[in-house]
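Hi everyone, thanks for coming. Let me put today's model on the screen, and then we can walk through it together.

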Amino acid sequence: MTTLSVTIDDTNKLQMLLDWLRSISFVKKVEIDESSTGNFDEVMKVLEQIPEGGILKEITDPVEWQRQQRDEW
C-alpha cells in the first residue's frame with residue numbers, strides 16, 4: 001500500500017479532488033487530516049518565537065563572525 005499526501009488551500013478544489021479520487025476504482029481509502037497546518041504555518045510558528053532583537057544581535061563584527069564560522073570547517 002502507498003499513501004499520498006496532498007495539501008489543498010481551497011475547499012472548493014478539495015471537494016472536487018475528493019470526488020475524483022473516490023471515483024477511481026483502485027483508490028481504496030480517502031481520508032482528510034485537517035489538523036495538518038502545512039509547512040508555511042510551521043515556519044511562521046518558529047519565526048514568531050524569535051526574540052524581538054533578533055537571533056544574531058550578539059554579533060558585533062559580522063566579518064569576523066563569518067571568518068570564525070568558516071574556520072570551524
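Let's begin with a charged pair: Lys29 and Glu31 form a salt bridge, and their closest N and O atoms are 3.0 Å apart. By salt bridge I mean a side-chain nitrogen of Lys or Arg within 4 Å of a carboxyl oxygen of Asp or Glu. As a reminder, side chains of opposite charge can pair when their charged atoms come close. Both Glu31 and Lys29 are exposed; here buried means under 20% relative accessible area, exposed over 50%, and partly exposed in between, with a 1.4 Å probe and protein chains only.

A quick word on what you are looking at. This is a predicted model, in which local features need pLDDT of at least 70 and side-chain atom pairs count only at pLDDT 80 or more, while totals for chains, interfaces and linings use all residues. Residues are numbered from 1 along each chain as its sequence is written, and side-chain values use heavy atoms, with hydrogens and water left out.

How many salt bridges are there by this rule? The count is two. The other pair I want to show you is Glu64 with Arg67, where the closest N and O atoms are 2.8 Å apart. These two residues sit in helix H3, residues 62–71, three residues apart, which is about one turn of the helix. Glu64 counts as partly exposed because its relative accessibility is 30%, and Arg67 is partly exposed too, at 38%.

Now let's zoom out to the fold. The protein has three helices and zero strands, where helices (H or I, at least four residues) and strands (E, at least two) are DSSP runs numbered from the N terminus. With a radius of gyration of 22 Å, well over the 11 Å that the globule rule gives for 73 residues, the protein is more spread out than a compact globule. That radius is taken over C-alpha atoms, and the rule is 2.2 Å times the number of residues to the power 0.38. The C-alpha trace spans about 60 × 30 × 15 Å along its principal axes.

Thr60 counts as exposed, at 77% relative accessibility.

What about the surface? The accessible surface comes to about 7,400 Å², and 53% of that belongs to carbon and sulfur atoms. Such areas come from the Shrake-Rupley method with a 1.4 Å probe; for residues, only the protein chains shown count as cover. Of the 73 residues, 5% count as buried.

Which residues make the nonpolar surface patch of about 760 Å²? They are Phe40, Val43, Met44, Leu47, Ile50, Ile55, Leu56 and Trp65. Patches are made of residues with over 30% relative accessible area and no salt bridge, joining like charges within 9 Å and nonpolar side chains (Val, Leu, Ile, Met, Phe, Trp, Tyr) within 5 Å. Helix H2, residues 38–48, gives the most to this patch, with four residues. Leu47 lies in that helix and counts as partly exposed, at 45% relative accessibility.

That's my tour; I'm happy to go back to any part of it.
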